[in-house]
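Me: I'm new to this one and would like to learn how to read it. Can you walk me through a few features?

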Amino acid sequence: MSDKHLIKAPAGVLEVEALWQQDNPQANDVDTLALLCHPHPLFDGTMTNKVVSTMYRFARDNGMHAIRFNFRGVGASTGEHDYAVGEISDALSVLQWAHEQSSARKLWLGGFSFGGYIAAKVAEQLLVSPHIWGLEDIELVKLALIAPSVVNNDVSDLVIPPERSFEIFGDADEVIDPIAMRQFAERLDIPYSVIDSASHFFHGKLPELKAALAQHTFER
């Protein structure tokens, strides 16, 4: 079952919803937690967005601890939107908190739209400076970028592990140019799936999104 928390963070407190696998018979063996980042706060993005919720249920159904949260200035989270600067610290603060709550040390990191950009920057931090955050023992196993914001945010020098990353987007995305998302994936040499006729918010296409999540998460 899930619990809601207000945790300390750089801008005050962050609202977090955590689903721990206590009811799982193998709960003591759960070694993976999923951290999920929501779309743009200034355009009604919250942790209950349906794409984020799809990732949340996917993580739950596949035996992971699942963590989602509201960025600063959203819901019960304090502070103001910081244009993708403070939001990286928000996500890392939630990861620090989850690290303290659980023995799981494998990370399935996901983000949608603006949250995809934030998730990618968190992955970069885990690659280049995990010691700053006390997260040296966290192993990033998957980075799921769902229709990531690669146009309005600067991804020109982004460093992420291509062998552990993947991208999913729709060919009818009306918010982020599908060509730009394809070029982003090809430039960084990460696998990607394009969902036919899917809009930015995957209206009517959530089953296809969930299937693509499974494909990329469990492919060998």
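Me: Which strand does β3 pair with, and in what sense?

Reply: This is a predicted model, so read what follows as features of that prediction. Strand β3 (residues 32-37) pairs with β5 in the parallel sense, over 6 bridges. To find the spot by eye, look for Thr32, which stands opposite Lys106 in β5.

Me: And what pairs with β5 over 7 bridges?

Reply: That's strand β6 (residues 139-146), again in the parallel sense.

Me: How should I picture the side chains along a strand?

Reply: In a regular strand, they alternate between the two faces of the sheet. As for β5 (residues 106-112), 6 of its 7 residues are buried, so the strand is mostly covered.

Me: Is Ile195 buried or exposed?

Reply: Buried, because its relative accessibility is 8%, and the cut-off is under 20%. You'll find Ile195 in strand β8 (residues 192-195). Beyond its sequence neighbours within four places, Ile195 touches Ile168, Phe169 and Phe202, among others.

Me: Which residues have the most contacts inside the largest nonpolar core?

Reply: Trp108, Ile118, Ile146, Phe202 and Leu213, in a core of 73 residues. Helix α3 (residues 114-128) gives the most to this core, with 8 residues. Take Phe202: setting aside neighbours within four places in sequence, its contacts include Val51, Phe112, Ile146 and Ile195.

Key
Residues are numbered from 1 along each chain as its sequence is written. This is a predicted model: local features need pLDDT of at least 70, side-chain atom pairs count only at pLDDT 80 or more; totals for chains, interfaces and linings use all residues. Side-chain values use heavy atoms; hydrogens and water are left out. A nonpolar core is a set of buried Ala, Val, Leu, Ile, Met, Phe, Trp, Tyr and Cys residues joined through side-chain atoms within 4.5 Å. Buried means under 20% relative accessible area, exposed over 50%, partly exposed in between (1.4 Å probe, protein chains only). Helices (H or I, at least four residues) and strands (E, at least two) are DSSP runs, numbered from the N terminus. Contact means heavy atoms within 4.5 Å. Two strands pair if DSSP finds at least two bridges between them.
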